[in-house]
Amino acid sequence: MDLLLLLKAAIMGVVEGLTEFLPISSTGHLILAGALLGFHGEKAKVFDIAIQTGAIFAVILVYWERIKSTIIELPTERRAQKFALNVIVGFLPAVVLALIFGKFIKAHLFTPTVVATTFILGGFIILWAEKRSASGAVARVNSVDEMTVMDALKVGLVQCLAMIPGTSRSGATIIGGMFLGLSRKTATDFSFFLAIPTLIGAGVYSLYKERALLSTADIPLFAVGLVFSFISAWLCVRWLLKYISSNSFVPFAYYRIVFGVIVLITAWTGVVSWSEA
């Protein structure tokens, strides 16, 4: 296996892990990082989706006590049954729309220009949400256990916006949840829980669908990406949960806007060759 290729896989894994659960779009950053590293093509797209599983293992580890208690209590406890139902309901819209529009989106929207544009738009939406929160809007739901099935469905529908590269799955669910009346902590927690079936399902489906592109020689490449994705995501999730206890998402909004503008300017002027991923 080419050591340079493994190094690229490690870098992509770190990018995935650090950006998957922040409202800045992991897919967008992977597309841009892939363009700069020359790591693109059909196999690279499968790789980008597959290594999300490593990041999800980090979430499972961080939330293991809640996940374990839910599994144990599921046959008898109403709270566990309601929580599991909400996660399933929130997960289903993405499944349906991904099956309908997934192929079109991959073919036409996975470009640096699209990503940069959605970076900027998403940044302004985050600023809007935080301004609304700062103006005194009171959260209606302060715990994932207080969420109704309709709350879960609405968050699930908002999550579908993340099918557009650069939108950010975490950003859509967290900020969308805040608009829907969830507290910042509740929206973040549910976003993480919703990520488990969403990203594992996407990874397994992508690997199965594109299995003809892959061989046993690709195992080291994917393994390196998964390991680095897991480690960086674990560190990121633990930091984010502490961060949101006393901070807003405003810095991420400005980051999105500035970074998006830089990509657009360098792409239009030719300073940087942002080739399609």
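Reply: A salt bridge is a side-chain nitrogen of Lys or Arg within 4 Å of a carboxyl oxygen of Asp or Glu. The model shown here is predicted, and a search of the whole structure finds a total of salt bridges that comes to 10.

Me: At what N to O distance do the side chains of Asp145 and Arg66 meet?

Reply: A salt bridge needs the nitrogen and the oxygen to be within 4 Å. The side chains of Asp145 and Arg66 meet in such a salt bridge, with an N to O distance of 2.6 Å.

Me: Where in the chain do Asp145 and Arg66 lie, and how many residues apart are they?

Reply: This pair links distant parts of the chain, with Asp145 placed in the loop between α7 (112–134) and α8 (149–159). Its partner Arg66 belongs to helix α5 (residues 64–73), and the two are 79 residues apart.

Me: Is Arg66 buried or exposed, and what about Asp145?

Reply: Buried means under 20% relative accessible area, exposed means over 50%, and partly exposed is in between. Arg66 has 16% relative accessibility, so Arg66 counts as buried. Asp145 stands at 25% relative accessibility and therefore counts as partly exposed.

Me: Which residues are linked with Arg66 in a network of salt bridges?

Reply: Besides the bridge between Asp145 and Arg66, Arg79 forms a salt bridge with Glu73, where the closest N and O atoms are 3.7 Å apart. Arg79 is partly exposed at 39% relative accessibility, and Glu73 is partly exposed with a relative accessible area of 25%. The residues linked in the network are Arg66, Glu73, Arg79 and Asp145.

Me: Which helix holds both Glu42 and Lys45?

Reply: Glu42 forms a salt bridge with Lys45, the closest N and O atoms being 3.9 Å apart. Glu42 is partly exposed, with a relative accessible area of 48%, whereas Lys45 counts as buried at 18% relative accessibility. The two are three residues apart, about one turn of the helix, and both lie in helix α3 (residues 42–50).

Me: How many helices and how many strands does the protein chain have?

Reply: Read along the sequence, the protein chain follows the pattern α-α-α-α-α-α-α-α-α-α-α-α. The secondary structure therefore comes to 12 helices and zero strands.

Me: What is the radius of gyration of the protein chain?

Reply: Along its principal axes, the C-alpha trace spans about 50 × 45 × 35 Å. For 277 residues the globule rule gives 19 Å, and the chain comes close to that value, so it is as compact as a globular protein of that length, with a radius of gyration of 18 Å.

Me: What share of the 277 residues in the protein chain do buried residues make up?

Reply: The protein chain exposes about 13,200 Å², and carbon and sulfur atoms supply 71% of that area. Among contacts with a separation of 6 or more, residues 24 or more positions apart account for 83%. The buried residues make up 48%.

Me: Which elements are included in what covers the buried residues of α4?

Reply: Helix α4 (residues 52–62) has as its buried residues Gln52, Thr53, Gly54, Ala55, Ile56, Ala58 and Val59. What covers them includes α1 (3–19), α2, α3, α10 (184–209) and α11 (219–243).

Me: Which residues does Gly28 touch, not counting residues up to four places away in sequence?

Reply: Gly28 has its place in helix α2 (residues 26–37), and at 0% relative accessibility Gly28 counts as buried. The residues that Gly28 touches, leaving aside those up to four places away in sequence, are Val115, Phe119 and Gly166.

Me: Which helix gives the largest share of the nonpolar patch?

Reply: The nonpolar patch on the surface is formed by Ile88, Leu92, Val95, Val96, Leu99, Ile100, Phe101 and Tyr205, with about 760 Å² of accessible area together. One of these, Phe101, is partly exposed, with a relative accessible area of 43%. The largest share of the patch, seven residues, comes from helix α6 (residues 78–108).

Me: How many disulfides does a search of the whole structure find?

Reply: A disulfide is a covalent bond between the sulfur atoms of two cysteines. Cys160 is buried, with a relative accessible area of 9%, and Cys236 is buried as well, with a relative accessible area of 7%. The number of disulfides found in the whole structure is zero.

How values were computed. Residues are numbered from 1 along each chain as its sequence is written. This is a predicted model: local features need pLDDT of at least 70, side-chain atom pairs count only at pLDDT 80 or more; totals for chains, interfaces and linings use all residues. Side-chain values use heavy atoms; hydrogens and water are left out. Patches are made of residues with over 30% relative accessible area and no salt bridge: like charges are joined within 9 Å, nonpolar side chains (Val, Leu, Ile, Met, Phe, Trp, Tyr) within 5 Å. Accessible areas come from the Shrake-Rupley method with a 1.4 Å probe; for residues, only the protein chains shown count as cover. Helices (H or I, at least four residues) and strands (E, at least two) are DSSP runs, numbered from the N terminus. Buried means under 20% relative accessible area, exposed over 50%, partly exposed in between (1.4 Å probe, protein chains only). A disulfide is a pair of cysteine sulfur atoms within 2.5 Å. The radius of gyration is taken over C-alpha atoms; the globule rule is 2.2 Å times the number of residues to the power 0.38. Contact means heavy atoms within 4.5 Å.
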